[in-house]
Amino acid sequence: MARQNFIFTSESVSEGHPDKVCDRISDAILDAFLTEEPNARVACETFATTNRVVVGGEVGLSDPDKLDLFMERVDGIVRDCVKDIGYEQKKFHWETLKVHNYLHKQSAHIAQGVDKDGAGDQGIMFGYATDETEALMPAPIQYAHAILRRLAEVRKSGVEPELRPDAKSQLSVRYENGVPVGVSSIVLSTQHAHKKQTSADIRAIVEPYIREVLPEGWITAETEWWVNPTGTFVIGGPDGDAGLTGRKIIVDTYGGAAPHGGGAFSGKDPTKVDRSAAYAARYLAKNVVAAGLAKRCVIQVSYAIGVAKPLSIYVDTFGTGTVPDAEIERVVAQCMDLTPKGIRTHLDLCRPIYARTAAYGHFGRPPEADGGFSWEKTDLIEALRKAL
C-alpha cells in the first residue's frame with residue numbers, strides 16, 4: 001500500500017540558470033538544423049562560463065556544402081539565445097562573449113544504424129502521468145515550474161526590473177490521503193540587480209506572484225519561506241557558475257516523482273530515443289490516465305542501437321489501474337508504433353519545436369498549433385478503450 005500522508009519536494013530552475021542557458025543554445029541549434037532539413041542529425045552539447053560559450057558535437061545534413069555554410073550561423077544563434085534570456089552583465093553579455101564552435105560531421109558508424117530506421121543508441125526511457133493536476137503532472141514540479149515561468153514573464157515585460165535571469169525554486173508539497181493539499185515550505189533564490197537589496201526586499205517582490213500561481217489555500221501561516229536565504233545574489237548565470245547541456249534531467253521531467261532513463265533531451269534530434277521515446281512514453285502514460293484506466297501510470301521502453309523494435313515495454317499503475325497492467329502493456333503497443341520512425345511520424349517530431357522545451361519542463365505544457373508539445377495530446381483515449 002502506497003503512503004497516503006507525506007511531504008514531497010521538487011525543484012525547478014529558470015531559463016537563466018547556467019545549465020538551462022546551455023540547454024537553450026543546444027536546442028536552438030537543433031531547431032536551426034531541422035528548419036534547414038527535417039531529417040538533419042544533431043547531437044549538440046554546450047558549455048558556458050564567464051563571457052564564453054563552447055559548442056560541440058556531431059551534426060549532419062544531406063548536402064555537405066550546406067553543412068559548411070551552416071557552421072557560420074552558429075555564432076549568431078548563440079548570441080540570440082543569450083540576448084533573449086536577458087543576459088547583459090559585464091562578464092556575461094550577448095554582445096561581448098566569445099563563442100567557440102566545435103561542431104563536426106556525424107559519425108558514420110552511428111549513422112549506419114539510424115539510416116536503417118533503427119534506434120540511435122541503446123537505452124531505457126520512462127514516461128509518467130498522475131491525475132493530481134489538470135496537466136496530469138506531479139504537483140510539486142508543475143508548480144515549481146509555474147513560479148519561475150511567472151517571474152520570467154514579469155522580468156521580461158519590465159514590470160519587475162529588479163529581477164535578473166538566474167533563479168531556482170523548490171516546493172515541499174503536503175499530501176493527505178494521496179492528494180496534494182498544501183505547501184510546507186517554499187524556497188526561491190533569484191538573481192537581482194543591486195547588492196543592497198535584502199532577502200526581505202526580494203521576498204516583497206516575488207511573494208505576490210508565488211501566491212498568484214499556487215492553488216488557493218496551499219500557503220498557510222505554517223508555510224516556511226526561504227527567499228534568497230544566503231543573502232545577496234547579484235552575480236549569476238554562467239559568470240557565477242559554469243553551465244552544461246543536460247545536467248537538469250530531473251527538472252526536465254517529473255521532479256523525482258517517477259523514474260528517469262539514462263539520457264538527457266536537449267540538443268538531440270528525434271532519431272535519438274533518449275528524447276523521442278521519452279516523449280512517447282509520457283504521451284502513452286498521459287493517455288492511459290486521461291482515459292480513466294489508472295490514476296497513476298509509469299511506462300518504460302527500452303532499445304538497442306540500430307534496432308527499430310523496442311526490446312521491452314513495462315507498465316506500472318501502482319495499484320490504481322482499472323484493468324491489469326499487463327493488458328495496458330498490450331494495448332499501448334497496439335495503439336502506437338514505438339519504433340523510432342513510428343514515434344517521429346506519430347508525434348510529428350521532425351520540426352523545429354525544441355528550443356521552447358529547454359526551460360520549465362518538457363512535460364505538462366499545452367500542445368501547440370505548430371506541433372510543439374505534441375506528446376501532451378490526449379488523442380489516444382478512444383483507441384486505448386477500444387483496444388481493451
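Modeller: A term is needed at the outset: a residue counts as buried when its relative accessible area is under 20%. Please also note that this is a predicted model.

Biologist: With that cut-off, how many residues of β7 are buried?

Modeller: Six of the eight residues of strand β7 (residues 123–130) are buried, so the strand is largely enclosed by the rest of the structure.

Biologist: Which strand does β7 pair with, and in which sense?

Modeller: β7 pairs with strand β12 (residues 296–303) in the antiparallel sense, over eight bridges. Within that pairing, F126 has Q300 of β12 as its bridge partner.

Biologist: What is the strand order of the sheet that holds them?

Modeller: The order is β7-β12-β13, an open sheet of three strands with antiparallel pairing. Its edge strands are β7 and β13 (312–316), each of which pairs on one side only. On average, neighbouring strands of this sheet are turned by 15° against each other, with direction ignored.

Biologist: How many bridges join β12 to β13?

Modeller: Five bridges join these two antiparallel strands. V298, for instance, has D316 of β13 as its bridge partner.

Biologist: Which strands does helix α8 touch?

Modeller: Helix α8 (residues 273–290) packs on the sheet and touches β7 and β12, its direction making about 30° with that of β7. Helix α9 (residues 325–335) lies across β12 and β13 and runs at about 135° to β13.

Biologist: Turning to the sheet of four strands, what is its order?

Modeller: That open sheet has the order β6-β3-β2-β11, with mixed pairing. β6 (98–105) and β11 (243–244) are the edge strands, each pairing on one side only.

Biologist: Do β3 and β6 pair in the parallel or the antiparallel sense, and over how many bridges?

Modeller: Strand β3 (residues 52–60) and β6 pair in the parallel sense over eight bridges. The bridge partner of V55 in β6 is N101. Helix α2 (residues 64–71) packs on this sheet, touching β3 and β6, and its direction makes about 170° with that of β6.

Biologist: A last topic: at what angle do α5 and α6 pack?

Modeller: Helix α5 (residues 139–157) and helix α6 (residues 199–213) pack at an angle of about 130°, with their axes 9 Å apart. The two helices are therefore oblique to each other, and α5 passes α6 in a right-handed crossing.

Biologist: Which residues make the contact?

Modeller: On α5 they are Y143, A146, I147, R150, L151 and V154, and on α6 they are V206, Y209, I210, E212 and V213. By class, this contact has nine nonpolar, no polar and two charged residues.

Notes: Residues numbered from 1 in each chain as written. Predicted model: local features only at pLDDT ≥ 70, side-chain atom pairs only at ≥ 80, totals over all residues. Heavy atoms only, no water. Axes fitted to C-alpha atoms, helices over the stretch in contact; angles between N-to-C directions. Parallel < 35°, antiparallel > 145°, perpendicular 65-115°, else oblique. Left-handed = near helix turned anticlockwise from the far one by under 90°. Contact = heavy atoms within 4.5 Å. Nonpolar A, V, L, I, M, F, W, Y, C, P; charged D, E, K, R; others polar. Buried < 20%, exposed > 50% of the residue type's maximum accessible area, 1.4 Å probe, protein only. Pairing = 2+ DSSP bridges.
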